[in-house]
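Please keep the sequence and the structure in view while reading.

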Amino acid sequence: MSTADAEYNAFGPWVDAVRTLDEVPRLFRDFGCDPTSERLVLKVPRNIPRRDADPTMDLYDHLIIAGSDALTVLSRTGSAYAGSTLPYDAVVAIEDSVDLTDGRLRVCSRDGSVLQVGYNGSSREVVSGFVDMLRDVSLGSGVTLGSHDAATAAASMLTFPVGPAIDRRPNAVLNSAVFRATDADLMADWTNLRDREPELHLYAAHPRERVRATGGFMARVLNLFRPTVLHGAIVCGTDAEVQVLSRRDWFGLADRSELSSSRLIVFLARLESVTVQRHPRYAEASIVTVRSGAARIDVIVPGDSEAERVLLAVAPHSGRSVVD
């Protein structure tokens, strides 16, 4: 069987692990990746139905190579490919989200660049395993820091207690009828994550909340006929990271069910600052901005909420500020 036929016969919407040289998509073979010498290699198929595929096509959009010291992503560009490499010690955040079958993996670097890979949401379990691996090796690598004392202990950045008692109040939110009515799937995401990582602590949680656009007549019309909500979220973490489980978009329409899911991981030891400011359109919401080098990550939460206070608490003391 030819290489083209073998690739075509194996083609489907799923993200697959690459274990041998024969399994490397032919478009990427001249890069010289040897899967047996890497931590993990994944191939991500093109987003086309199988009926539209044929053996003459390059059927994979990305080859993700987790090497010994760096992450490399090869991406198809027509009949060629381009590559990007990110050292593990430059990773500041990882975000994985799905909206039905639309999956999106984003790896944020300290230089402000983002490695982004789209994938079919049916493979989220595979991608979640990759995210866990990338998180573990990134946390275990050397740390480039903005704050002087963070190199010795990321735990010192946490100014609130870590332990079973911290879980009680947000657990009450998760078990409330309001949260379960609109965000039961987020509760399931948290349960599954906690089962995999029992060392995680639950720091804060809030259900989706109605927000009102500020402004004149048109804002009042939109508030009346197209009411907006800020989606619910769960904030959890350890002494080395903070994670936010929420939706792909922070806001949505009140009369629509939300089916997306997002997991954001931020590494505490690489933070330089965390700032908070009121949302320019929705007065009830705050924008919490996490910075490391040129990287900027925004998290939108209810103003003056437990989630806002927790995210502020993980900032290096010299880098914390609140902007009205």
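Two strands pair if DSSP finds at least two bridges between them; helices (H or I, at least four residues) and strands (E, at least two) are themselves DSSP runs, numbered from the N terminus. The model is predicted, so local features need pLDDT of at least 70 and side-chain atom pairs count only at pLDDT 80 or more, whereas totals for chains, interfaces and linings use all residues. Residues are numbered from 1 along each chain as its sequence is written, and side-chain values use heavy atoms, with hydrogens and water left out.

Strand β17 (residues 285-292) pairs with β18 in the antiparallel sense over eight bridges. The two strands form a hairpin with two residues between them, and in this turn Gly293 has a positive phi of about 60°. The bridge partner of Ser292 is Ala295 in β18. Buried means under 20% relative accessible area, exposed over 50%, and partly exposed in between (1.4 Å probe, protein chains only). Six of the eight residues of β18 (residues 295-302) are buried, so this strand is largely enclosed by the rest of the structure.

A salt bridge is a side-chain nitrogen of Lys or Arg within 4 Å of a carboxyl oxygen of Asp or Glu. The structure holds 18 salt bridges. One of them joins the side chains of Asp298 and Arg296 (3.3 Å, N to O); Asp298 is partly exposed at 32% relative accessibility, and Arg296 is partly exposed at 48%.

Which residue forms a salt bridge with Arg247? The partner is Asp183, the closest N and O atoms being 2.9 Å apart. Arg247 lies in the loop between β13 and β14 and Asp183 in helix α4 (residues 177-196), so the pair ties together parts that are 64 residues apart in sequence. Arg247 is buried, with a relative accessible area of 1%, and Asp183 is buried at 1% relative accessibility.

Arg248 also lies in the loop between β13 (241-246) and β14 (251-253). Arg248 is buried, with a relative accessible area of 13%. Its side chain makes a polar contact (a pair of N or O atoms within 3.5 Å; within protein, one must be able to donate a hydrogen and the other to accept it, and residues adjacent in sequence count only if both atoms are side-chain atoms) with the side chain of Ser97, at 3.0 Å.
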